[in-house]
Amino acid sequence: MRLDRYLHLSGLGSRKEVKSFIKQKRVMVNDQLVLSSKLHINEQDTIKFNGKTVRYQPFVYYMLNKPAGCLSASRDPFELTVIDLIDDYHDNLFPVGRLDKDTTGLILISNNGKLAHALLSPRHHVKKIYEAYISGRITHEDIKAFREGIKLKDFKTLPGDIEVLEEFEDQSYVRITIMEGKYHQIKRMISSRGKQVLQLKRISMGPLILDDALKEGDYRSLSQEEIDSLLSEFMIYL
């Protein structure tokens with residue numbers, strides 16, 4: 001395959017644009033600068049644009065352990081976004097869903113719009129599991145409220161769950177399961193029970209579970225097994 005076609009199909013830009021990038025000395029093949037768009041490459045070659053590896057694949061999937069202080073957005077002129085943390089170059093990446101700026105944990109980065117729609121559609125009730133430090137102690141009434149659904153100002157949540165993992169003198173470490181993902185939902189649910197979320201981390205979304213080996217700010221490509229699990233779960237929607 002010609003280099004310009006490879007770059008174009010990788011989402012880097014139009015054929016005219018990628019030829020311009022090559023002339024501007026922004027493309028390397030196997031760490032060697034190239035100036036010809038007609039160069040033929042194969043799957044063993046390593047292609048880089050502006051120092052970042054370009055991978056030829058129609059859809060890409062990354063699991064990111066989002067750090068606090070990072071926006072769940074594709075771009076922002078002033079603040080760090082989750083896409084800024086992805087070193088591998090691929091056009092049109094976006095976060096599938098969002099986490100609050102101060103929330104950490106699992107977020108899926110992809111360019112597969114159909115999968116994103118399936119995961120985020122309210123009709124599909126995708127299970128999301130979080131772990132959190134909460135002020136105060138969780139009561140049986142709190143657990144009952146979560147399991148029945150909590151009436152908030154603008155909507156009633158679907159039945160979820162809250163499980164106490166560890167208790168301290170003035171706070172609790174809990175696992176929370178919800179079937180939605182509305183704005184500040186967990187914080188609002190906890191607040192309605194007279195408590196406050198101190199720290200919040202998402203550990204799973206549908207069949208995808210955060211890799212314990214990933215430190216905050218780190219990411220990895222999904223395994224083929226993880227990709228197949230996601231696609232098969234929503235096959236009827238894709």
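Buried here means under 20% relative accessible area, exposed means over 50%, and partly exposed is in between (1.4 Å probe, protein chains only). This is a predicted model, where local features need pLDDT of at least 70, side-chain atom pairs count only at pLDDT 80 or more, and totals for chains, interfaces and linings use all residues. Residues are numbered from 1 along each chain as its sequence is written, and side-chain values use heavy atoms, with hydrogens and water left out.

**Domains**
- The chain is assigned domain 1 (3-53), domain 2 (61-122 + 208-234) and domain 3 (128-205); such bounds come from an automatic or database domain assignment.
- Taken over C-alpha atoms, the centres of domain 1 and domain 2 are 26 Å apart.

**Strands and sheets**
- Helices (H or I, at least four residues) and strands (E, at least two) are DSSP runs, numbered from the N terminus, and two strands pair if DSSP finds at least two bridges between them.
- Strand E1 (residues 27-29) is joined to E2 by 2 bridges, and Met28 has Leu33 in E2 as its bridge partner.
- Elsewhere, strands E9 (residues 161-167) and E10 (residues 171-178) run antiparallel, joined by 6 bridges.
- A hairpin takes E9 to E10 through 3 residues, and Asp161 has Thr177 in E10 as its bridge partner.

**Aromatic pairs**
- Rings of Phe, Tyr and Trp (its six-membered ring) pair if their centres lie within 6.5 Å; planes under 30 degrees apart count as stacked, over 60 as edge-to-face and the rest as tilted.
- The whole structure holds 4 aromatic pairs.
- One of them is the tilted pair of Phe21 and Phe49, at 4.9 Å centre to centre with 45° between the planes.
- Phe21 sits in helix H2 (residues 15-23) and Phe49 in strand E3 (residues 47-49), so this pair ties together parts 28 residues apart in sequence.
- Phe21 counts as buried because its relative accessibility is 15%, and Phe49 is buried too, with a relative accessible area of 5%.
- Tyr62 and Tyr219 have ring centres 5.4 Å apart and planes at 85°, so they make an edge-to-face pair.
- That pair links distant parts of the chain, with Tyr62 in strand E5 and Tyr219 in strand E13 (residues 219-221), 157 residues apart.
- Tyr62 is buried, with a relative accessible area of 2%.
- Tyr133, Phe168 and Tyr173 form one aromatic cluster.
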